[in-house]
Amino acid sequence: SLRCGIVGLPNVGKSTLFNAITAKQAEAANYPFCTIEPNIGTVLVPDERMQELASIVKTPTIIPATLEIVDIAGLVRGASKGEGLGNQFLSHIREVDAIVHVVRCFDDGDVIHVHGKVDPADDISTIETELMLADLESMEKRMDKLRKNARKEKELLPLVELAEKVIKGLSDGIPARALMETDEEKALGSQFFLLSAKPILYAANVSENDLPDGNAYTAEVQRIAEEAGSKMLIISAQTEAEIAELPEEERPEFLESLGLPMSGLDRIIQSAYDLLGLHTYFTAGVKEVRAWTIRKGAAAPEAAAAIHTDFEKGFIRAEVIAYNDMITYGSEQKAKEAGKMRSEGKEYIVKDGDVIVFRFNV
Ligand code: GDP
C-alpha cells in the first residue's frame, strides 16, 4: 500500500494529528492485510461508490484501498548533520511515496515554537533545506563512482549530466522535484532516491475557530505551495482528534457544523492520491467489491498487475463497465445487454471507476 510520511518541526501538531489517525485505524483493523505498528497508521481510502457497487452485486464484503501514514518525528534544524534523530529520520523519509508536512498556523502562548515565533515560511524552508542538504551529501558521495563508471560505460553519460545538474541546483537551494522536469529526467533521477524529489502536501494546522478558511499564516502557506507547484490543505489537528473520538454516525453533523465537507484526514488521503497521480478501478462480484489503486494513465495490463503479476503476464483482455453505467443499468447483466460492457485490449487506458474483469492465460 501507499505510504505518506508526516513531518514537521516539534510542537506543530503532528502527534495530535497522528493520534487522530490511529484512532481511526481501529476501524481498519478488521482488514487482515493492515499492518499495525506503533508509528504507522493504516487508513481506508474513503470511496462512496463501493457501497453502491456492493448493493448491485449483492455482496456484504467491501475491501477499500488503504494508505499507510507514518509518523516521522524528530526533524529539527541540523537533522542532515545528525542533530535530533538526524539520519534515522531521513532514512524513514526515503521510504515514503509522499510527504505530508504539518505547518504550525496557530498562535498559542502556551505552546512553545522551536524558533521562537510562528512563521510558516521559515518552518517550510527549514525542513526543505534539511532535505536538500541530505540529498546534496548523498549525491556528492555517489558522484566519484558514477564519473569513474561513465568513463568505461558511455551509456552512463546522461546520468552523470543529470547528477551534475541536480548537484548544482541543490547547491543553489532548488529542490530535486523542481530540477527533474522531463519524464526522462524523472525516470533517470529516480535511482538517486532523493528526499527533495518527493511530492509534498502542506497541512496548515489551525485552531478550530479558523476553520474552514484559515488565517494570514495559511495564506502564506498557500502562496508558497502555489509557487512550488505543491498542494496545501487547512486542517485542525485538535478538531481531528475530537472527530476521531465521536461515534461514526455523529461525525457528519459535527463536520457540517464546522462548514467542512469531510474530515481533514479524508482530505489528506484524497489530496495524496491527487498529488501522486493515482486513481482507482474496481473488481465487483458476489465474493467482494474491491478497490485497486493505479497510476493515472496506466494501461489495462499494468492495472491487472495491481491484482497479481500473473494477470499482467498472461493478459488477454479486460471486460470493462464504467461505474456510471453500472449504476444506471443496475446490474452487470443489464449493462451488458445495453451494450455497455466493453472488451478492451492491451492499449486500453483504464479510467477512474471502471469495473473490470480481466481475462488472462495462466
Ligand atoms: P508535535 O510535536 O508536532 O507532535 O506537536 P503536538 O501534536 O504534540 O502538539 C503540540 C502542542 O500543540 C500540544 O499541546 C497540542 O495540544 C497543541 N496543538 C496542536 N494543534 C493545535 C491547534 O490547532 N491549536 C492549539 N491552540 N494548540 C494546538
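1. A word on terms before we start: Ala, Val, Leu, Ile, Met, Phe, Trp, Tyr, Cys and Pro count as nonpolar here, Asp, Glu, Lys and Arg as charged, and the others, Gly among them, as polar. With that in hand, the shell around the ligand reads as six nonpolar, nine polar and two charged residues. Please keep in mind that this is a predicted model.

2. Let us stay with the ligand. It is surrounded by 17 residues, and the closest are Gly13, Lys14, Ser15, Thr16 and Asp108. Two elements give two or more residues to this shell: helix H1 (14-28) and helix H9 (237-245). Of the elements, H1 gives the most, with three residues.

3. Along the principal axes, the C-alpha atoms fill a box of roughly 65 × 65 × 35 Å.

4. How much of the protein is buried? Buried residues make up 35% of the 362 residues. As for contacts with a separation of 6 or more, 67% of them join residues 24 or more positions apart.

5. Take Ala204: leaving out residues up to four places away in sequence, Ala204 touches Val103, Cys105, Gly214, Tyr217, Thr218, Val221, Met232, Leu233 and Ile234.

6. An unreviewed entry lists residues 129-156 as "coiled-coil region". In the model, that span is 86% helix and 0% strand, with its end C-alpha atoms 29 Å apart. For "domain: TGS", the unreviewed entry gives residues 277-360. The span 277-360 is 29% helix and 36% strand, and its end C-alpha atoms lie 27 Å apart.

7. Finally, have a look at Ile316, which sits in strand E10 (residues 315-321). Is Ile316 buried, exposed or partly exposed? Ile316 has 14 C-beta neighbours inside 10 Å, so it counts as partly exposed, since being buried takes 20 or more and being exposed 12 or fewer. Beyond its neighbours within four places in sequence, Ile316 is in contact with Arg359, Phe360 and Asn361. Met139, by comparison, is 177 residues from Ile316 in sequence and 43 Å from it in space, C-alpha to C-alpha.

How values were computed. Residues numbered from 1 in each chain as written. Predicted model: local features only at pLDDT ≥ 70, side-chain atom pairs only at ≥ 80, totals over all residues. Near = placed C-beta within 6 Å. Helix = DSSP H or I, 4+ residues; strand = E, 2+ residues; numbered from the N terminus. UniProt positions renumbered as here; feature names shortened; annotations may be inferred. Contact = placed C-beta atoms within 7 Å.
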